[in-house]
Amino acid sequence: MVKLRLKRCGRKQRAVYRIVAIDVRSRREGRDLRKVGFYDPIKNQTYLNVPAILYFLEKGAQPTGTVQDILKKAEVFKELCPNQMKIN
């Protein structure tokens, strides 16, 4: 199973995160399938590769809670067909 989750990068006390598609069994810093975005919580910046994210969501990838909140904020789920994924 594939998940969309955060991968920690950066240095101590200055974390930035990559949003990656990764196998569920891999650890947080493990090898990812593809990098699909970037999130900086300190500067509150987000970069998303929306076509890649939509591709993985259509194939059945599940976002983690935090990634799901980031995608909701960016209104990515509005581009999906309403029959494919229901988000509260």
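Q: Which residues of α1 are buried?
A: The buried ones in α1 are Ala52, Ile53, Leu54, Phe56 and Leu57. Buried means under 20% relative accessible area, exposed means over 50%, and partly exposed is in between, using a 1.4 Å probe and protein chains only. This is a predicted model, so local features need pLDDT of at least 70 and side-chain atom pairs count only at pLDDT 80 or more, while totals for chains, interfaces and linings use all residues. Residues are numbered from 1 along each chain as its sequence is written, and side-chain values use heavy atoms, with hydrogens and water left out.

Q: And what covers those buried residues of α1?
A: The cover includes β1, β2, β3, β4 (45-48), β5 (62-63) and α2. Helices (H or I, at least four residues) and strands (E, at least two) are DSSP runs, numbered from the N terminus. Contact here means heavy atoms within 4.5 Å.

Q: What comes after α1?
A: Glycine 60 follows α1, and its phi is positive, near 105°.

Q: Ok, zooming out: how many helices and strands does the protein have?
A: There are two helices and five strands. Going along the sequence, the pattern reads β-β-β-β-α-β-α.

Q: Which residues of the largest nonpolar core touch the most other members?
A: Those are Leu4, Ile19, Val36, Leu48, Ile53 and Leu71, out of 19 residues in that core. At least two core residues come from each of β1 (2-11), β2, β3, α1 (50-58) and α2 (65-73). The most comes from α1, which gives five residues. A nonpolar core is a set of buried Ala, Val, Leu, Ile, Met, Phe, Trp, Tyr and Cys residues joined through side-chain atoms within 4.5 Å. As background, nonpolar side chains tend to be buried together in soluble globular proteins.

Q: Take leucine 48, what does it touch?
A: Leaving out residues up to four places away in sequence, leucine 48 touches Ile19, Val36, Gly37, Ile53, Ile70, Leu71, Ala74 and Val76.

Q: How many aromatic pairs turn up in the whole structure?
A: The search finds one. Tyrosine 55 and phenylalanine 56 make an edge-to-face pair, 5.4 Å centre to centre with 75° between the planes. Rings of Phe, Tyr and Trp (its six-membered ring) pair if their centres lie within 6.5 Å; planes under 30 degrees apart count as stacked, over 60 as edge-to-face and the rest as tilted.

Q: Is phenylalanine 56 buried or exposed?
A: Phenylalanine 56 counts as buried because its relative accessibility is 11%. Tyrosine 55, at 43%, counts as partly exposed.

Q: Switching topic, where does aspartate 32 sit?
A: Aspartate 32 is in the loop between β2 (14-23) and β3 (34-40). Its relative accessible area is 15%, so aspartate 32 is buried.

Q: What does the side chain of aspartate 32 make a polar contact with?
A: With the side chain of lysine 7, at 2.9 Å. A polar contact is a pair of N or O atoms within 3.5 Å; within protein, one must be able to donate a hydrogen and the other to accept it, and residues adjacent in sequence count only if both atoms are side-chain atoms. Aspartate 32 touches Lys7, Val20, Ala21 and Ile22, if you skip residues up to four places away in sequence.

Q: Where's glutamate 79, and what is it in contact with?
A: Glutamate 79 is in the segment after α2. Setting aside neighbours within four places in sequence, glutamate 79 is in contact with Val50 and Leu54. It counts as exposed, at 51% relative accessibility.

Q: Which residue other than glycine has a positive phi?
A: Glutamine 13 is one of them, with a phi of about 60°. Glutamine 13 lies in the loop between β1 and β2 and counts as exposed at 77% relative accessibility. Glutamate 75, in the segment after α2, has a positive phi near 60° as well. Its relative accessible area is 44%, so glutamate 75 is partly exposed. In general, most residues other than glycine have a negative phi.
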